[in-house]
Amino acid sequence: MWALFVARNFEFIRDRAGFGWNILFPFLIVAGFGVIFSSGAGSEFKLGVFPVNPGSMIVKDLNIPEKLKSYDHIKIVPFRTRDEAMDKLLHHKIDILLKNAGPKLRYWVSDSSPKGYVLEKVVKESVIPEDMFASRVIRQQVKGEQIRYIDWLFPGILGMNIMFSSLFGVGYVIVRYRRSGVLKRLKATPVTAFEYLAAQMVSRVLILLFTSFVVWFGCNFFFSFHMQGSYFDVFVVFLAGTICLVSLGLVIACRGTNEELTNGFINFICWPMMFLSEVWFSIEGASAWVKNVAKVLPLTYFLSAARKIINDGASLSDVSPEITILLLMSLVFLFIGSLLFSWTR
Amino acid sequence: MKSSLNIIEVKNLKKAYKGKKAVDGVSISIPKGSCFGLLGPNGAGKTTIVEIMENIIQPDSGDILYKGDKRNKTFNQEIGIQFQHTELLAFLTVEETLKTFAAFYQKHLPVEDILSLCMLENIKKSLNNKISGGQRQRLLLGLALLNEPELIFLDEPSTGLDPQARKHIWNIIRDMNDNGKTIILTTHYMEEAQSLCDTIAIMDKGSIIDQGSPESLMDKHCRDENTPRNLESVFLKLTGKSLRE
């Protein structure tokens with residue numbers, strides 16, 4: 001088993017393109033989001049204005065409500081003509097369109113645009129004097145350290161990278177080995193299926209933990225993540241999550257010689273997991289069935305536990321339900337994977 | 001009753017794929033220390049029989065006895081296999097590949113001896129994905145010999161090799177056989193079978209159609225003055241001249 005473990009590590013590390021990409025990919029995504037959010041380009045809403053010369057637009061000179069010029073998260077996009085702007089509105093490139101003239105505020109909005117719907121309310125609100133709200137609403141300040149989006153996103157990116165590497169790096173690779181006869185050659189030796197699968201698993205788990213460590217500290221150097229919990233606790237969660245996802249990779253790898261089919265199958269698992277397990281955004285407001293589907297996905301528990309520790313400072317006992325579920329899922333995956341494993345079919 | 005003289009025996013072996021018979025009631029007894037050649041056109045069932053004997057695939061019916069008993073856990077420790085088509089771990093060197101496989105066995109030859117025997121010393125630091133087809137064949141043979149096997153299965157061991165490399169591999173096989181190792185060889189090269197094997201079985205359509213020493217087969221099938229006295233004549237006479245798969 002040790003020989004297979006060492007051989008698999010050599011295989012992974014010497015495949016420089018694959019190894020480099022495993023580190024570079026999450027780093028690039030985190031870096032990309034870091035740049036987007038640190039440069040203030042993270043405006044959520046796009047408000048088109050016409051007629052305006054894009055080359056010489058001065059926001060304070062625009063003939064639109066003053067409030068709209070000062071709102072955060074609204075980006076004003078100038079257009080020379082109405083036709084040009086309407087085309088962008090119809091294609092959801094902007095969320096609402098305002099005319100830059102006249103005493104009466106005139107705007108266009110697409111009925112099929114959710115962001116346009118919200119922005120329309122904001123535009124209407126912008127013509128109401130601020131003191132109208134004074135006696136009707138009370139603003140409360142959020143106390144404590146606020147979590148930046150990048151801090152919330154980072155565990156998701158790491159988890160997503162581990163998911164892809166586990167499923168493709170184990171599932172896809174073993175199917176390729178089976179097709180090319182490598183597994184058949186191993187079957188002709190005294191190596192048992194358990195030894196082979198265990199070596200694959202241990203190798204991949206250690207390599208993924210190592211690459212995650214490199215990515216973490218590389219990204220932390222540039223973005224100074226706010227770590228609320230203990231590094232040991234988060235290591236335990238990453239270990240449990242990685243074991244679970246690698247075990248899932250072993251289930252995918254247990255049969256088959258068709259690489260294209262395996263590729264499609266892995267994508268079929270990865271994409272729902274990426275969206276429903278809250279890698280990029282929360283599904284807090286999603287319908288009940290979506291949340292129920294998310295509950296059967298291992299990445300959901302992995303990211304939930306990781307974020308509780310990293311963002312909220314939770315302890316291991318706080319995330320013990322998630323860790324228990326991950327370990328139980330691992331056992332089920334390992335049992336199915338080893339039961340169905342075939343060297344040649 | 002156990003037959004201690006035969007290292008491996010197969011009895012009434014049958015195997016079909018999707019209803020098509022690949023092996024149809026084959027029985028073979030291979031004496032210890034012999035070099036047994038299995039010849040046949042493409043699709044005759046040679047590789048299927050050999051892979052059943054190797055325990056790679058399971059037969060539909062029939063018995064396989066190794067040293068007179070059912071094969072057990074020690075079987076894989078005592079056999080060596082060179083498959084017809086095998087890829088290796090691409091990013092391991094030749095030497096690392098041998099060391100990795102050596103670790104699977106309770107006893108094995110020193111890796112340096114195998115490197116020397118198969119003339120792999122000058123490429124021992126080369127990655128498997130950088131070596132030539134001939135070098136790969138020699139490495140695969142080295143892997144088959146690594147554990148000093150008692151029984152060696154060689155499925156077309158010299159396919160794709162140049163004449164020099166082929167002669168070299170023949171010498172290795174002959175030396176192994178002279179040292180008491182049993183060899184089961186499939187090949188399309190009649191000269192190879194004639195040169196190495198003491199017993200040859202000719203197969204077609206899943207059955208053995210004749211078996212004997214090269215001399216006895218030639219005596220039997222090359223009586224006609226117009227028929228050249230060689231194994232190719234025997235082969236063509238028994239399997240016909242029509243093109244196969």
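## Basis of the model

This is a predicted model, in which local features need pLDDT of at least 70, side-chain atom pairs count only at pLDDT 80 or more, and totals for chains, interfaces and linings use all residues. Residues are numbered from 1 along each chain as its sequence is written, while chains are lettered from A and ligands numbered from 1 in the order in which they are written.

The model scores ipTM 0.87 and pTM 0.78. Among the elements of chain B, the highest mean pLDDT, 95, belongs to helix α3 (residues 94–102), and the lowest, 86, to helix α9 (residues 231–239).

## Chain A

Chain A has 13 helices and four strands; helices (H or I, at least four residues) and strands (E, at least two) are DSSP runs, numbered from the N terminus. The C-alpha atoms fill a box of roughly 85 × 45 × 40 Å along the principal axes. The radius of gyration of chain A is 26 Å, whereas a compact globule of 345 residues would have one near 20 Å. This radius is taken over C-alpha atoms, and the globule rule is 2.2 Å times the number of residues to the power 0.38.

Of the 345 residues in chain A, 37% are buried. A residue is buried if 20 or more other C-beta atoms lie within 10 Å of its own, exposed if 12 or fewer, and partly exposed in between, with C-beta atoms placed from the backbone.

## Chain B

Nine helices and ten strands make up the secondary structure of chain B. Its radius of gyration is 18 Å, close to the 18 Å of the globule rule for 245 residues, so chain B is as compact as a globular protein of that length. The C-alpha atoms of chain B fill a box of roughly 55 × 45 × 35 Å along the principal axes, and 41% of the 245 residues count as buried.

## Helix α6 of chain B

B:Ile169, B:Ile173 and B:Met176 are buried in α6(B). Seen down the helix axis, the buried residues fall within an arc of 60°, so they line one face of the helix; the arc is that of the directions from the helix axis to the C-beta atoms. They pack against α5 (133–145), β7 (151–155), β8 (182–186) and α7 (190–196) of chain B.

On the other side of α6(B), the exposed residues include B:Lys167, B:Asn171 and B:Asp175. Just after α6(B), B:Gly180 has a positive phi of about 95°.

## Where the chains meet

Between the chains, 17 residues of chain A are in contact with 19 residues of chain B; two residues are in contact if their C-beta atoms, placed from the backbone, lie within 7 Å. On the side of chain A that touches chain B, α1 (2–14) and α7 (182–187) each supply at least two residues. The largest share, five residues, comes from α1(A).

In chain B, the buried residues of α3(B) pack against α1 of chain A, together with α4 (111–117) and α5 of chain B. Among these buried residues are B:Val94, B:Leu98 and B:Phe101.

Definitions and conventions
pLDDT = per-residue confidence, 0-100.
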